[in-house]
Amino acid sequence: MMAISIAGFDPSAGAGILNDIKTFSALKVYGTAIITALTAQNVNRVASIYPIESDFVAEQIDVVLEEDPIIYGKTGMLYSEEVIRAVSKKIQEYQLKIVVDPVMIAGSGGKLSQEGFAIALKKYLLKNALLVTPNILEAEILSGLEIKNQEDAKKAALKIGEYCDVIITGGHLEGDNIFFNGEIKVLEGELIESSNTHGSGCSFSAAVVAYLVKGFNMESSLKLADDYVKESIIQGSYGTLNQFWNVKF
Ligand code: PXL
């Protein structure tokens, strides 16, 4: 059971591709890791970004997929339109089923994307994706709508849903997630008071991929991933903790 993550490197290991691989491992899925950007950051700040050339991103995907029969994966920090275009091309070429975490800004507030990123994401990547997993802020940017409550989130989900299925994650909606796959569903959750949320968006999208790899359908994968992330926040001490506890397989 294998998956691919196409994402950025956070050396503090709370978010980004290290988090994705830890999540895959905790859920007993073998993760491969295509690096799109290096960052110098910790839980409080993004100091700098060292983007990887889009040709080299494409080459990493080619060489990994030459050997490994991978179907499911996710994208995280892609940073630039160039990388979005290169990755979209490869997703189509290999017919990958991709969950897009539309990473634009770190939890610490640091920018992890260039100007025009959301437009390029919609133009090239979302129409080739299985699912996109914005938090409230990302959903506002993608939809162009302000989200103050659940009704606003539903309107934004309808708009983003013109491109692909969408789940607006509910860290700011009393823990509920708004899912749109042709119809709107409120997937109820609970909000956990914690400061260990660095990387929780990465953990969520990676866990969705892991459960899809295991053969669960989309709605079950979303629910299981939500439970998984809650547990990893509760058990975390620095960011989300991805370890082997009583995860549901
Ligand atoms: O959580 C979003 C995210 C994704 N990818 C990288 C990050 C972060 C947040 O800090 O650093 C590389």
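Predicted model: local features only at pLDDT ≥ 70, side-chain atom pairs only at ≥ 80, totals over all residues.
**Entry 1: overall build**

I began with the whole chain. I found 8 helices and 9 strands in it. I then looked up the radius of gyration. The chain has 16 Å, which agrees with the value near 18 Å that a compact globule of 249 residues would have. The C-alpha trace spans about 40 × 40 × 40 Å. For burial, I noted that 55% of the 249 residues count as buried.

**Entry 2: the ligand site**

Which residues are around the ligand? I listed Gly-8, Asp-10, Ala-15, Gly-16, Gln-41, Met-77, Val-103, Ala-106, Leu-112, His-198 and Cys-202. On its own, the ligand has 310 Å² of accessible area, and the protein covers 93% of that. I sorted the shell by class. It has 6 nonpolar residues, 4 polar ones and 1 charged one. I looked up one polar distance here. A side-chain N or O atom of Gln-41 lies 2.3 Å from an oxygen atom of the ligand.

**Entry 3: the aromatic pair**

I searched for aromatic pairs next. The structure holds 1. Its members are Tyr-211 and Phe-216, with ring centres 5.7 Å apart.

Are the two residues buried or exposed? Tyr-211 is buried, because its relative accessibility is 1%. Phe-216 has 28%, so I noted it as partly exposed.

**Entry 4: Ser-221**

I moved on to helix α8, which covers residues 218-235 and contains Ser-221. Ser-221 has a relative accessible area of 0%, so it counts as buried. What does its side chain meet? A polar atom of the Ser-221 side chain lies 2.9 Å from the backbone oxygen of Asn-217.

**Entry 5: positive phi**

I looked at backbone angles in two loops. Ala-13 is not a glycine, yet its phi is positive, about 70°. I placed Ala-13 in the loop between β1 (2-9) and α1 (16-26).

Gln-95 was my other case. Its phi is near 50°, again a positive value in a residue other than glycine. Gln-95 sits in the loop that runs between α3 (81-94) and β5 (97-100). Is Gln-95 buried or exposed? It is exposed, because its relative accessible area is 66%.

I looked up Glu-190 in the loop between β9 (184-187) and α7 (200-213). At 54% relative accessibility, Glu-190 counts as exposed. The cut-off for exposed is over 50%. I then took a C-alpha distance. Glu-190 and Gly-175 are 15 residues apart along the chain, and their C-alpha atoms are separated by 4.5 Å.

My last stop was Met-2, in strand β1. Met-2 has a relative accessible area of 22%, so I put it down as partly exposed. How far apart in space are Met-2 and Asn-149? From C-alpha to C-alpha I read 37 Å. In sequence, Met-2 and Asn-149 are 147 residues apart.

How values were computed
Residues numbered from 1 in each chain as written. Heavy atoms only, no water. Near = heavy atom within 4 Å. Polar contact = N/O pair within 3.5 Å; in protein donor to acceptor, adjacent residues only side chain to side chain. Areas by Shrake-Rupley, 256 points an atom, 1.4 Å probe, with all protein chains shown as cover. Nonpolar A, V, L, I, M, F, W, Y, C, P; charged D, E, K, R; others polar. Phe/Tyr/Trp six-rings, centres within 6.5 Å; stacked < 30°, edge-to-face > 60°. Buried < 20%, exposed > 50% of the residue type's maximum accessible area, 1.4 Å probe, protein only. Helix = DSSP H or I, 4+ residues; strand = E, 2+ residues; numbered from the N terminus. Rg over C-alpha atoms; globule rule 2.2 N^0.38 Å.
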